[in-house]
Amino acid sequence: VIMDLMEKLTHIFRQGLSNSFYPVPQQAIGVGSAFEGWSPHAQDVVYRVLVPLSPPPGHTFHLELDTAGSLQRNFCVLVELLCTCKRKQLWDNMLCFLHHPEEELRRRQDPSLLHTLCTGAYLDVKKTVHWFYRYVRVAWLLLPQSHRWHLMQQPSRRSCKFQLSKDKESFMVEIIFGVQQGDSDIFVGSQPGEAGIPSTIWLETYAVAEAKFFRHISRQAPQDSWHCQCLQLLARYLMGIDFSSYALKTVVMHLLNTIPLTRWRRGDFRQRLMDILRYLRCSVERKQLHHFVIGNERLPMEISLPSSFREAKPPNLFQHLARSPDAHRKAVREYIRLL
């Protein structure tokens, strides 16, 4: 239901914005626990989709690294204008933003992306979210689903959240926007981050690569594989405990990459649960949990990564435990509670 809706919305966007210079939404990609098959909150599941944005005609995106060496890499999306003087037939005789007088551009053509969704020369997350919200309200009325489903907008600054309801059914959808790094499965995205983060900052996200890994595992594993049930059960127990579900997911992905998939069947359920808890305990004791995507040379080759990723030093997701004895003692107590 969600992916069909996103496909139709994207189609309407492309038609309605064909003569404008807003970002071009591409096919949505389902990410996160709901699409990976292990959502711990059966009643409050959130379907997250990442919508890649491509530059409009006459524009190009360049990713600028804002911080280096930290666990979370931040980027700015620099928007630059391209000369289109020799591409008039390709883009319906659009005027070149670089080589036509401003007065003629204002009279005959919609403004460039720099004058709509940018702050300075950088694509602005909040402006992009507001633009998408505004357009969805119009596009929704053109969809056949609007006669059966009720769409309610939810407050959010860096992503678009909607609740879809019909009779007793209800879905929560979160749309995150992303700009692709080259041809890889790594994006910079508009997902929520730390409080006070500037609206021109886009956070590096590995959600697409991780979702592709789970699909790869599902294709390779036996039909009665219980790897998602293992993760789902333990993630449900994490409610009220400070361990993040992402840390647990990272542990399970590492084990799926090392333990043969034929040993994740229902009969192996208890042993695999113990393996996950043992791996987590060792990670807490050593204060080290390697990132799964960055620096993982065993990642399936169908997952496309920037050239530097496979050989990079993997970030430590438990870096905070190494820095703070209090945080480490608390993590030990939380592990005992989980056990």
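Predicted model: local features only at pLDDT ≥ 70, side-chain atom pairs only at ≥ 80, totals over all residues.
Residues are numbered from 1 along each chain as its sequence is written, and side-chain values use heavy atoms, leaving out hydrogens and water.

The span 242-294 is 57% helix and 0% strand, and its end C-alpha atoms sit 24 Å apart. Helices (H or I, at least four residues) and strands (E, at least two) are DSSP runs, numbered from the N terminus.

Now for the core. A nonpolar core is a set of buried Ala, Val, Leu, Ile, Met, Phe, Trp, Tyr and Cys residues joined through side-chain atoms within 4.5 Å. The largest one has 46 residues, and Ile-276 is among those with the most contacts inside it. Helix 7 (245-256) is one of the elements giving two or more residues to this core, and helix 7 gives the most, with seven residues.

Two single residues, side by side (buried is under 20% relative accessible area, exposed over 50%, partly exposed in between; 1.4 Å probe, protein chains only):

| Residue | Relative accessibility | Class |
|---|---|---|
| Ser-283 | 1% | buried |
| Pro-55 | 32% | partly exposed |

Ser-283 belongs to helix 8 (residues 269-286), while Pro-55 sits in the loop between strand 3 (46-54) and strand 4 (59-65).
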